[in-house]
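Morning, everyone. Please have a look at it first.

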Amino acid sequence: MLTRRSFLGAFPALYTLTKCDTIGQPASTGNRAYHVSKQGNDRNDGSPSRPLLTISAAAALAQPGDVITVHAGIYRERVTPPRGGTSDARRIVYQAAPGERVKITGAESVKNWTRVNQIVWKIVLPNSFFGHFNPYSDVIHGDWFDPKGRKHHSGAVYLNGDWFVEAATLDDIFKTVGETPLWFGQVDDNFTTIWSQFKGSDPNSEDVEINTRQTVFYPDKTGINYLTVRGFILSQAATPWAPPTAEQIGIIGTHWSKGWIIENNVVSYSTCSGIALGKYGDRWDNTSENAAKGYVRTIERATQAGWSKENVGHHLVQNNTVSHCEQAGIVGSLGAVFCVVTRNTIHDIHVRRLFSGSEMAGIKFHAAIDTEISRNHIHRTCLGLWLDWMAQGTHVYGNLFHDNLKEDLMVEVDHGPFVVDNNIFLSGTSQRILSQGGAYLHNLFCGGINLTQFDGRMTPYMKPHSTQVAGYHNNPSGDMRFYNNIFAQNGDLTPYNEAYLPMYCDGNVFLKGTQPCSKEASPLLQPEFNPSIQLVESANSLDLEINLDSAWLTAKHRRLVTTALLGKAIIPDLPFERADGASLSIDADYTGRRRNPLNPFPGPFESPGGGRQTIKVWPAIRNPKSE
């Protein structure tokens, strides 16, 4: 077990408008700036001197090309943008004012708690307080959801910004307070009653909040394209379970649209998911808990509903911090196509484990077609990155994974081609693989590799760079490429000795506690070499301490990995190439340094030198030339 210190980002510690009072205000024709302030009024024109009060009022006015700037404060509302931009050049921009703390929350402050005993307090609210959506009667359910024998609701109780745990029964509230206090709710025809433990606190003098909104920033219709959401704190939403067969709603979500930019936000405290790039809803939602049939039908219906490169995806999700979500940090079924997800920090995902099922991960994508997942820091999750069905043209590179409970990366029933390069996998299990058609290049694997030899599900592969299904195939093991990786501590490729499909392995280094695949002709074996890997926190960064040997460069000649070297993934009969169809060359390392094209060094770092090394691995280093 590695000894590491966890690295956490700093976290900054509404009433839903159904109708905006903007009568008599002219609609913008674009390129107009609207301002929103807690000192504003929704009858104003939105100018700097006469700002609006709510973001929703600005959203009702904004046209393609307009910019909405929101000034400091807490905005207790759901933003439901009624329209989007018309192109990347004429988007509608929602942004926090530079240098100002702007929070949009799905919770309301509540007072008038009454004491029941020394620990337990309760509050009784009329159901009208919640409007059309009451999180305390909203039972979490859906395909592949396991409640573990009890009910769970989408609401929560928060004390000073942190949430409590829902008790299974009211009796549990009156037991001893554990590490995390409990709450319990009951809803009848007229009232909602919430009991909560407040040991040593008076909830009437503290900041206590409860959920009132399902989401914080989410269109209520599909096709709201070309929005930018930048610089906000987005938090405390009573989100629903988001399986791949149902509408996927997060704290913020694109709702089956195209061309969003979600950047520089802090997204936290979602009952289920944080950022949702996924599917629209229809009458078949949560009726298809059968992957072999139900999800295939979902794909067919989505195609009929306009699932195409022209209509969906192309989102940029960058520089966000996503945490405290009990399903997924970023989720996307079918809608996360042709996207870039980069430089995000994702942590504390599904760590409470009150319920179970599938779909839980730091990032969980179905159909990550031509999607780049790069330079993210994913840690303290149940599972780091899960690529499920139709990972084709997917490029996973330069990511840092550690302290993830199950595995850092899972690829499930994908036929490829997909590329995984220059990543640092530090958790106890690096990979779970039940796919084929992948290329693993210049990675550092510090954990085990679990292989499923055969999965009989018939899953799709696509026509190149499109959402059109070319055919279906089951999932035999093999057809994997492992080039120029370093395996340290627990990496074992011997299960691939019995793979159904051919294997392609060369240039790998196997250190203490690891074993190569017999299909590699001349691996570099150093069974006594201990890399002694540690991840340590220094001032504003994470450093990887590792023992390396410069002699690895001369002990074996290695080839620069390119499209020509990788060949074609067998089942789809497609080359390993970039999303734009250009040839691929792994000519830069994790830090952006150029590789030696004549003999690249193994692992994610080019020419690091020998002996004990200290290498900065977070924040990610930007290298636009290589991207």
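Let's begin with Cys505, which has 9% relative accessibility and so counts as buried. Keep in mind that this is a predicted model.

Which cysteine sulfur is closest to that of Cys505? The answer is the one in Cys517, at 4.6 Å. A disulfide here needs the two sulfur atoms within 2.5 Å, so the pair Cys505 and Cys517 is too far apart for a bond.

Now Cys339. Buried or exposed? Cys339 is buried, because its relative accessibility is 1%. For the sulfur of Cys339, the closest cysteine sulfur belongs to Cys325 and lies 18 Å away, so that is too far for a bond as well. How many disulfides does the rule count? The count is zero.

On to the strand. Strand E32 covers residues 394–397, and both of its faces are covered. On one side sit Thr394 and Val396, on the other His395 and Tyr397, and all of these are buried. In a regular strand, side chains alternate between the two faces of the sheet.

What does E32 pair with? Strand E29, residues 372–374, runs parallel to E32 and is joined to it by three bridges. In that pairing, Glu372 stands opposite His395 of E32. Strand E35, residues 418–421, also runs parallel to E32, and here there are four bridges. Val396 stands opposite Val420 of E35.

To recap: zero disulfides by the rule, and a strand E32 with both faces covered. That's what I had.

Definitions and conventions:
Residues are numbered from 1 along each chain as its sequence is written. This is a predicted model: local features need pLDDT of at least 70, side-chain atom pairs count only at pLDDT 80 or more; totals for chains, interfaces and linings use all residues. Side-chain values use heavy atoms; hydrogens and water are left out. Buried means under 20% relative accessible area, exposed over 50%, partly exposed in between (1.4 Å probe, protein chains only). Helices (H or I, at least four residues) and strands (E, at least two) are DSSP runs, numbered from the N terminus. Two strands pair if DSSP finds at least two bridges between them.
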